[in-house]
Amino acid sequence: MSERPGEAKLPHLFRPGRLGRYATRNMIKYGACCVSNYNTRDGHITPRELARTRVIANTGCGIITNQGAYPDPRGEGKSYFRMVALYDDKFLPQFETIAGYIHEAGAVAIQQILHAGRYGGIDLGYCVQPSVVPQTLPHFRPPREMSKDDIRRCIREHVEASKRAIKAGFDGVEVTSFMGYLLASFNSRFTNQRTDEYGGSLENRGRFMRELIDAVKQALPEHPFVIRLNGAELMDAWGGNSEDECFELMQQAAGCGGDMISVTVGWQEAPESSIGRDVAPGHWNYLAARAKRECPNTLVAFGNRLPDPRMADDCLAKGEFDYWEVCRPMLADPELVHKAAEDRLDEVRRCIGSLNCLSRVFRDLPYSCTMNPALGHEVEPEYAVTPAAVKKKIMVIGAGPAGMEFAITARRRGHDVTVYDRAGRIGGNLLGYAARDLARPDDLLSVVRHYEVMAAKLGVEMRLNTEANAKLMRSVLHQYDVCVVAAGARIDLSAYDGLPGRERLVDALEVAAGRIQPGKRVVVIGAGKIGLVVAEFLKKNGAEVTLVEADKRIAGDVMPTFKWRHTAWVEELEIPVLTSTRLARVTAEGAVVVDAKGVETSLPADTVIAAAPRVANQALFAEFEWMVDELHGCGDALMPRGMDAAIHEGYRLGARI
Amino acid sequence: MAALAQSTRAGWQPVLDAHAELFEALAVDASLALVPRWRIDAEGQRHANIVPRTDPMPMQLWLRTPLAMTVREGVYAGHAHLGSDLLMLAERRALDEALAHERPLSELKRRLRRGELLFMVLRTRDELRSRGWTDFLEALGLPFLGTCR
């Protein structure tokens, strides 16, 4: 294939490489970032998974790592609800299919063997560990100590699973010694309290890992062996390994003949974040650079919180690591590598680090992606974007994520699409929300920029600064075949009708959009995501803020993997929170609130902001019902939820209209 | 820890009383043990108190009685012998310093994140839920800790 225009701009990423005896067409490794939960409860791969892996195989990566399979028939290594297994030949046919997909696409195929150890035993009610160290998270199972016989058996099972992967057609295997999984728990001072030859010194703690690498290498000397290791556990405050110890363990792994070290960050139970959008891209690169310095003769793959191909190319140029290992950004956009190669990076849908994928996996659900509504539905033709049988003229009311997702999807199918919005810019309520976000506004604003770019490239007509109402509809009567109402949601101030001082209440979305400047003392009513974002932003910028929430807990509508972030910010910013408390009245002096026991409290404030409840903007449905052939709705205009539902509904409607 | 247990025992009771709503749903006899993070052996070596059995040492116990969450004293000899649902291992002075804060429970949470306190669960998630710990665990942000975020 001749060089594509973007490849010259990212020459280090797109140069050929080599893993053992296998040539790779570029320096990009698709990482086995987390299991999909698309498979059967007993470990068999489903057609849904096969359709998904076909997409993965065609991402354009030089190396593709298939998601982790547990190696033992007992299920002690099984950590996820619908995880795939590789402890028996009965699983081979689907693995053969996947290896075939990867080879057809011209990539090197690696199968990950994942024994979750401390996080395993999902169906058993216990997990296995080097020592009986209790869990720090309620999510996981009580521990049992592994005997030396257990260790020997576990090594045999890894060898057998590895041989099975090669038999299925994979070129090499990857073993997991990171994130608190089995080998990592032996490596760590925190979980390994043993007094035999597998515990104590770092040399002893790494023994299980070294024996396992050695056994697999002896069984499969011609095949590349990859091991995933932590550059930092982020567990040192709790008694885990220091970074220095992590790198000594890497040297042990390299010394045993590991062909590639995949450097990762953090344990699942670590008290700090590693891959969420509150972590700056590039933050962890120093760990990969150190791995390369300390293990110069072993390939190093890395990609934690490194979503941008340009940054990765720069790291490769500096020799910080050898392969850019990337997964989550390609959940968001499976075309990422191709867009980079074709110099179309402006079209990339960025992973925004919302970690919807993991939120769902830890609820035992199949993973999905906020930014990629088709993820996990590749097997369903209904989710494919295909040319429309009948080309229609479509008007969309609302340029937020739901409306824009619908617009670009429908346009890709050949429809003629015009979007109306009263604001002067694409984005809807997301614009104000993103601008006030403490984590990383650029991530959320990238969603807006993506829609701006794609609307322009695809030829979606934008009518901004245009209020959609019956008058507008009459002016365009019979010009459109379809109207899609994606007008979002608003704060329902009518919920406060009859409340003394109601006229003094201020709308949180107006504050978020910057149209209202609150005073220095603020009370925010409603500690859902809008109230939290506004409160955190105002407090960060010097206001005195109190949050009032009618529910028992705050952040009720926040994604599970980000809930902790808001509760931590509220604590760090020392924002007082009154839960199980309602607004009683608003006065010139502030807010009077009443708790569940009926006790009133006066909260002095210059501004009282209503951030709840929310209500869907549905008025246009009734107004337009007899004015257009087809009338549809999507996103918060149907029911207030969030960006995830907005994007997914916009896409689904666009794909079938 | 003996000093810690003595000095903070009386101090924590009003804190638990002030947050009674977090413990309302608890089963009677549900408890959380607070023990020192480390023990020092005869050779002066420091060991984490996370092993199943250890030499007896004083601990503080937050025990749900029929009336309320109550602070008690107890003896800790390793988690294998502990009947508690939850275990909190504290660095020296961490509990006292949290108690001295204007909002002790919030401070506890901050110190938990900083690693000065280590929180461990001694029952399964379902058992903890059925014994009424959900509100307290959510208040500490525990279900949402973890690097997968």
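Predicted model: local features only at pLDDT ≥ 70, side-chain atom pairs only at ≥ 80, totals over all residues.
**Entry 1**

I looked up the volume of the second largest pocket and found about 1,300 Å³ of space. Its lining has 40 residues, and those closest to the pocket centre are A:Lys552, A:Val577, A:Thr579, B:His19 and B:Glu21. I sorted the lining residues by kind and got 19 nonpolar, 7 polar and 14 charged.

**Entry 2: strand E6 of chain A**

I checked residues 108–113, which form strand E6 of chain A, and 6 of the 6 are buried. A:Val108, A:Ile110 and A:Gln112 point one way, while A:Ala109, A:Gln111 and A:Ile113 point the other way. In a regular strand, side chains alternate between the two faces of the sheet. I looked for the partners of E6(A) next. Strand E4 (residues 63–70) of chain A pairs with E6(A) in the parallel sense over 5 bridges, and A:Ile63 stands opposite A:Val108. Strand E9 (residues 172–177) of chain A is also parallel to E6(A), with 4 bridges; there A:Glu174 is the bridge partner of A:Gln112.

**Entry 3: strand E26 of chain A**

I found both faces of strand E26 (residues 607–610) of chain A covered. A:Thr607 and A:Ile609 are buried on one side, A:Val608 and A:Ala610 on the other. Strand E19 (residues 505–507) of chain A runs parallel to E26(A), joined by 3 bridges, and A:Asp507 stands opposite A:Ala610. Strand E20 (residues 521–525) of chain A is parallel to E26(A) too, with 4 bridges, and A:Val523 stands opposite A:Val608.

Conventions. Residues numbered from 1 in each chain as written. Chains lettered and ligands numbered in written order. Heavy atoms only, no water. 1 Å grid on protein atoms, 1.4 Å probe; cavity = no way out; pocket = protein on both sides within 12 Å on 5 of 7 lines; lining within 4 Å. Points joined across faces, edges and corners; volume = space filled by probe spheres on them. Nonpolar A, V, L, I, M, F, W, Y, C, P; charged D, E, K, R; others polar. Buried < 20%, exposed > 50% of the residue type's maximum accessible area, 1.4 Å probe, protein only. Helix = DSSP H or I, 4+ residues; strand = E, 2+ residues; numbered from the N terminus. Pairing = 2+ DSSP bridges.
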